[in-house]
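Colleague: I am new to this structure and would like to learn how its features are read. May we go through them in turn?

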Amino acid sequence: MTPQSGSQSDMIGSFCRIYSVLLYAYPREFRLQYGAAMQQVFRDRCRDLARTADPLALLRFALHLTADWLTTTVREGAAAFWSAGRKQTHRGFVTEWAVTLGIYLFVTTTLVQAYVIPTGSMEGTLRVGDHMLVDRVTFAAPGSAGAHILPYRELKHGDIVAFLYPEDIRQTYVKRLIGLPGDRIRLDNGRVIRNGRRLTEPYTQHIAAYPDAYRDNFPLSPEANTTARGRDMFEHHVVSGEVIVPPNMLFMLGDNRDNSLDSRYWGFVPRSYVVGKPLFVYWSYDAPTADLQEWTLTHVLDVAQHFFTKTRWERTLLVPRSQAAQEAGGTQ
Amino acid sequence: MTKSQSAQELLPLTPPVFHILLALADEERHGYGIMQDVARQTDDALQLGPGTLYGCLKRMLAAGLVEESDERPDPTLDDERRRYYRMTTLGKRVVRAEAQRLTSAVMAARTKLAGGIS
């Protein structure tokens, strides 16, 4: 064996240390099994190259080793990943998925619900295509099982609320809570007057293309758009030009006040129809109303093709704020 | 019959696997010994990196092409103990079958190219 100079063996020693660190990129099992042998081989090769004293050979070796390291770490990593999936015992696999499913069902039935805004009635605050998570706990109906242990609070004016549409409870609507039981509500020139006080609502949007007496000076008398429930409201709950919200009922209006079918048209929302409080937008996607109500093939293709361009990234994780309207002083 | 079929199923071999088997054909060797022999076989054209070498050995062990021999020092290198590998009978069959396959391929190439080259 040719004797080697001290500086050379120093250099080889430091190369070996670097290589021993690089070995950590391999999966643990592979490293434990072969790491020591790989280091040995590496050192042997370094020694042989040092004997040839050819700097180009060293450089080639370094490049070759880097390529080898890059490709085999990926390869062994992938192999370890797949074998980990297969090796899991059948029982462990079933248990894990059962637990996951259990948590998923609990969370989705009790705590939150995914919801998409299909119409522009809350435009200005929420946009068509905003996919939201709705918190089902906060506004849980009084007396429900979780009410005592979960963070529950009463509904208040200005809350944004998700609820079952009274005319068709298969649909969920999101609107702002304007009237609680006992409130007297009317609209004057598009402005809400509640219990005699004019509200200043900074969150509303007025983009009327035309004046509409029914919409802006509510309640006058039923018109074509008024549903049966709306007519019932006109008949039984209007006292001297004001709607009086009955017990256990809510009066909801859209923020896009001139373009919203809300309690003015279909009446009150029963308290028990409240689904929850919109938490945040997890995905906002620019799509027409029809596509958001049902997943059609065209919508799937549209999302597949335009996911990155039509997603409104800036709305991701946006939290809609409940906001109390300011009440002007004095009776009007 | 089933055994030769299983040998056929492993073909074609990747160049590193083929040359590792060839290196172990005459004697059992340790990792660096395999690496040196493969370089000799191929006139330095195929230099196995440590990752490629042991990744291949791992898969060849799993497939039953090679097996681990004992751990002992290499008298020509130093006194460190090294893990030696040797070829199994399946490995022998597979490397023969692969050599056969390559021979047929070379023959086919010769026949096709004979006219074009001359």
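Modeller: Let us begin with one pair of residues: Pro73(B) has Arg81(B), in β3(B), as its bridge partner. This is a predicted model, in which local features need pLDDT of at least 70 and side-chain atom pairs count only at pLDDT 80 or more, while totals for chains, interfaces and linings use all residues. Residues are numbered from 1 along each chain as its sequence is written, and chains are lettered from A and ligands numbered from 1 in the order in which they are written.

Colleague: How many bridges join β2(B) to β3(B)?

Modeller: Strands of a sheet pair through backbone hydrogen bonds, either parallel or antiparallel. Strands here are DSSP runs of E of at least two residues, and helices runs of H or I of at least four, numbered from the N terminus; two strands pair if DSSP finds at least two bridges between them. Six bridges join β2(B) to β3(B), residues 81-87, and the two run antiparallel.

Colleague: In what order do the three strands of the open sheet in chain B lie?

Modeller: The order is β1-β3-β2, with antiparallel pairing. β1 (29-30) and β2 (66-73) of chain B each have a single partner strand, so one side of each lacks a neighbour in the sheet.

Colleague: Which strands are at the edges of the sheet in chain A?

Modeller: That open sheet has six strands in the order β8-β9-β5-β6-β7-β13, paired antiparallel. Its edge strands are β8 (238-239) and β13 (326-327). Within the sheet, two bridges join β5(A) to β9(A), and Arg184(A) has Ile244(A) as its bridge partner.

Colleague: Is Glu27(B) buried or exposed?

Modeller: A residue is buried if 20 or more other C-beta atoms, placed from the backbone, lie within 10 Å of its own, exposed if 12 or fewer, and partly exposed in between. Glu27(B) has 11 within 10 Å and is therefore exposed. Glu27(B) belongs to the loop between α2 (15-26) and β1 of chain B.

Colleague: Where does α2(A) bend?

Modeller: A bend is the angle between axes fitted to the seven residues ending at a residue and the seven starting there. In α2(A), the bend is about 55 degrees, at Tyr34(A). Tyr34(A) is also one of the buried residues of this helix. Just after α2(A), Ala53(A) has a positive phi of about 55 degrees.
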